Amino acid sequence: MKRIWLLFSQAVTVFAAAYFVVATLQPDWIRQGATRSGAGVALIEAPPAPAGQPAAGSFSGAARKASPAVVSINTSKAVRHPRSNDPWFQFFFGDQAPQAQTGLGSGVIISPEGYILTNNHVVEGADEIEVTLTDSRRTRASVIGTDPETDLAILKITLDKLPVITLGDSDSLAVGDQVLAIGNPFGVGQTVTSGIVSALGRSQLGINTFENFIQTDAAINPGNSGGALVDVNGNLMGINTAIYSRSGGSMGIGFAIPVSTARLVLDGIVKDGQVTRGWIGVEPNELSAELAETFGVKATEGVIITGVLQDGPAAQAGMRPGDVILKVDDKAVGNVSQLLTAVAALKPGTPSAFEVQRADKKLELNINPGVRPRPQRAVRR
């Protein structure tokens, strides 16, 4: 037993002596990652990460996949002084030449054929549109069509070897999912910000006629409009469109148009030159106790109709002012936005069932929707 203890104590003594010598003469050998700078300053460095492996929790893979397909859009248009044709103005100031007004936004390449999704308000009224890719290529873009009621526009460029984004399923998004916003805010260059899906189906914001926004707290700033909202796999989930802000910058409330809506607009514009939507010719309002009492209707939910266009599809089917629409093709509608969306989705020329409450009775009207008239001009509220 004494022999074993003697061997143990000698081994400990030798180890301690060796450690002391190394710690005194070569302390860098002991410190993990220890090194010295060019000036001889002792530093500690992290061990090199395995090649090709992102750090835990990194979104670099998603950003690397989606970013090449997100482009910067620069627009310009000639603007004349509002009084340039006034003789007195010309007498004092002369003939004023038009001034160039520039704009900035983003877009997403969605097809190798050169189709680009962006916002209508990014390119509205532009005389020239220039697209800049992440590989620094620049080219002019042409407008294939616009849809002011969803604030979407389709552009096209003619370049080869275009990077194309992968379209995701925006209907599968859930509140709390992580997303990235990619665009060119303030013209500083392509920027990626991260956040979560804060809410789905946001409407009644007064931004577009048809609203079904994805709300996110990923930072969206001026210049991001038309850019991509992608999931953690780099798949396109929405087109960044608007922010709620008191300062002009991001306050953590941004809105994106779902890619499901964008696909419908793309197909309609490319195929027919416009988006064809259903229309029944009524003036809908949110149901309130006052309106219900005024029209003598015993409904507590639905959308009340306060006006019916003479000889319109709804009038021909027998709808009257004071009717409350409860369902469209067996889908409940609880507010004006839902009714507009439901009617717009109807196929013109194909009768659809509307469940209506009139006074204290429920009726079913078969309405043959027409084609929704295009707005005379886009109004950006």
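Mentor: The discussion below takes the terms one at a time.

Mentor: This is a predicted model, in which local features need pLDDT of at least 70 and side-chain atom pairs count only at pLDDT 80 or more, while totals for chains, interfaces and linings use all residues. Residues are numbered from 1 along each chain as its sequence is written, and side-chain values use heavy atoms, with hydrogens and water left out.

Trainee: Why is Lys156 called partly exposed?

Mentor: Buried means under 20% relative accessible area, exposed means over 50%, and partly exposed lies in between (1.4 Å probe, protein chains only). Lys156 has 27% relative accessibility, and therefore counts as partly exposed.

Trainee: What makes a residue a contact of Lys156, and which residues does Lys156 touch?

Mentor: Contact means heavy atoms within 4.5 Å. Leaving aside residues up to four places away in sequence, Lys156 touches Glu113, Gly114, Tyr115, Arg140, Ala141, Ser142 and Ile144. Lys156 itself is found in strand S9 (residues 152-156), a strand being a DSSP run of E with at least two residues, whereas a helix is a run of H or I with at least four, both numbered from the N terminus.

Trainee: What makes a group of residues a nonpolar core?

Mentor: The members must be buried Ala, Val, Leu, Ile, Met, Phe, Trp, Tyr or Cys residues joined through side-chain atoms within 4.5 Å. The largest such core has 42 residues, of which Ile73, Ile110, Val131, Ile165 and Leu236 touch the most other members. Helix H5 (residues 259-272) gives the most to this core, with five residues. Apart from it lies another core of 17 residues, including Ala314 and Met319. In soluble globular proteins, nonpolar side chains tend to be buried together.

Trainee: What makes a space a pocket, and how is its volume defined?

Mentor: On a 1 Å grid over the protein atoms alone, a pocket is an open set of points where a 1.4 Å probe fits, with protein on both sides within 12 Å along at least five of seven lines; lining residues have an atom within 4 Å of a point. Points are joined across faces, edges and corners, and the volume is the space filled by probe spheres set on them. The largest pocket has a volume of about 580 Å³. Its lining has 22 residues, with Thr261, Leu264, Arg277, Thr341 and Ala345 nearest the centre. H5 supplies the largest share of that lining, six residues.

Trainee: What is the volume of the second largest pocket?

Mentor: The second largest pocket has a volume of about 270 Å³. The largest share of its lining, four residues, comes from H8.
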